[in-house]
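Please look through the two-chain model below with its conventions in mind.

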Amino acid sequence: MNWIFEPWPWYTSGAMIALVMFLLIMIDKTFGMSSNLRTLCTICGADKTADFFKFDWKAQRWNLIVVLGVIIGGFIASFFLTNDPSVTINPKTVERLNELGFQSAGDAYLPTELFGLSAMYNFKSVLILAVGGILVGFGARYAGGCTSGHAISGLSNLQVPSLLAVIGFFLGGLFMIHILFPLIF
Amino acid sequence: MRTISYLLIGILFGITLFKSEAASWFRIYEMFRFESFHMYGIIGTAVILGISIVQVIKRFKIKSFYGQKIIFYPKEQSISRYIIGGIIFGLGWALAGACPGPMFTLAGAGFLPILIVILFAIIGTFLYGLLKDKLPH
């Protein structure tokens, strides 16, 4: 059972994600995470401002319970199923990140420069996280789904719109990493 | 009973996202630099298995655990919303290193600054709701 404490290989991970989608389909639900952000908006009263948020959010309560599970799963995996959380990325990637100022590359799960507690007192780090969050939330709803809804669920059902969305995800990601990162960091 | 099943599936997904390292900002950066097969392997495996699962369910008209007919709804046809929305999402995914599933996993794993990402992702969703009718779809 030692394997469970090690980082999971890609084939185990991919199979588990497919299993999650299968289980949701088999209980008459669909696999998609970003729609929860819309539900949270409605719960906070956004339905009074825009028609987009006027829907019966209680019909989506099941998905919020899935999200609660995802939070608990992150807690269990991090505190009980992991000995060494550092992520062994390609040494070339580490070198490049060091040049950009990320000294924690290769030694941590997330860059401490952005996700360490002290980062919360750093204006630039907070701004980066905030802008990243806005783009993810805005883009996911504009595209009608995120990595789970399009890249996994949509592609599994051979949906051309989902393929277009995934192409968009990559165009945006590549532009951010290769063109904007050297300007930001 | 149903509530427990949603919770357990969520827990399974949360553990998978953390242990697969798909919730790691570093893995997303590495993926967009094409310097590792890891993320492509995860998504590729999930999609290949996913296509097989959906095909088997459709072909053999498999019923759900509750005896219901399983219906797959096609996505609405459009080009601009998927490409433009996708690009905006991709920019944020690469910058924050987290998409809407992993951000909740990371909250559970105790990384407090991810709460900023979650809060602003909700605000981003709200902004989309306000601007929806003015955007090309």
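Leaving aside neighbours within four places in sequence, B:Ile118 is in contact with B:Met103, B:Phe104 and B:Ala107, where contact means heavy atoms within 4.5 Å. B:Ile118 belongs to helix α6 of chain B, helices (H or I, at least four residues) and strands (E, at least two) being DSSP runs numbered from the N terminus. With a relative accessible area of 9%, B:Ile118 is buried; buried means under 20% relative accessible area, exposed over 50%, and partly exposed in between, with a 1.4 Å probe and protein chains only. From B:Ile118 to B:Phe72 there are 46 residues in sequence and 29 Å in space, C-alpha to C-alpha.

The model is a predicted one, in which local features need pLDDT of at least 70 and side-chain atom pairs count only at pLDDT 80 or more, whereas totals for chains, interfaces and linings use all residues. Residues are numbered from 1 along each chain as its sequence is written, chains are lettered from A and ligands numbered from 1 in the order in which they are written, and side-chain values use heavy atoms, with hydrogens and water left out.

Chain B as a whole has six helices and zero strands, so that from the N terminus on its elements run α-α-α-α-α-α. Its C-alpha trace spans about 45 × 40 × 35 Å along the principal axes, and of its 137 residues 57% count as buried. Among contacts in chain B between residues at least 6 apart in sequence, 41% join residues at least 24 apart. The accessible surface of chain B comes to about 5900 Å², and 70% of this belongs to carbon and sulfur atoms; such areas come from the Shrake-Rupley method with a 1.4 Å probe, and for residues only the protein chains shown count as cover.

How much area is buried between chain B and chain A? The value is about 10600 Å², of which carbon and sulfur atoms give 80%, buried area being the accessible area (1.4 Å probe) that two parts lose on being put together, summed over both. B:Lys19, B:Phe26 and B:Leu95 supply 8% of the area that chain B buries against chain A, more than any other three residues. The contact takes 125 residues from chain A and 108 residues from chain B. Across this interface the rule finds zero salt bridges, a salt bridge being a side-chain nitrogen of Lys or Arg within 4 Å of a carboxyl oxygen of Asp or Glu. It does find 27 residue pairs in polar contact, both residues at pLDDT 80 or more; a polar contact is a pair of N or O atoms within 3.5 Å, where within protein one must be able to donate a hydrogen and the other to accept it, and residues adjacent in sequence count only if both atoms are side-chain atoms. On the side of chain B that touches chain A, the elements that give two or more residues are α1 (2-19), α2 (25-32), α3 (38-59), α4 (80-96), α5 (102-108) and α6.

One residue in contact with the other chain is B:Ser5, which touches A:Ile27 and B:Tyr66, not counting residues up to four places away in sequence. B:Ser5 is found in helix α1 of chain B and is buried, with a relative accessible area of 14%. A polar atom of its side chain lies 2.6 Å from the backbone oxygen of B:Arg2.

On chain A, helix α2 has the buried residues A:Asn36, A:Leu37, A:Thr39, A:Cys41 and A:Thr42. Their cover includes α3 (61-80) and α6 (123-142) of chain A together with α5 and α6 of chain B.

Most residues other than glycine have a negative phi. A:Asp28, however, has a positive phi of about 65°; it lies in the loop between α1 (10-26) and α2 (35-43) of chain A and is partly exposed, at 31% relative accessible area. B:Glu21 likewise has a positive phi, of about 70°, and lies in the loop between α1 and α2 of chain B, but at 4% relative accessibility B:Glu21 counts as buried.
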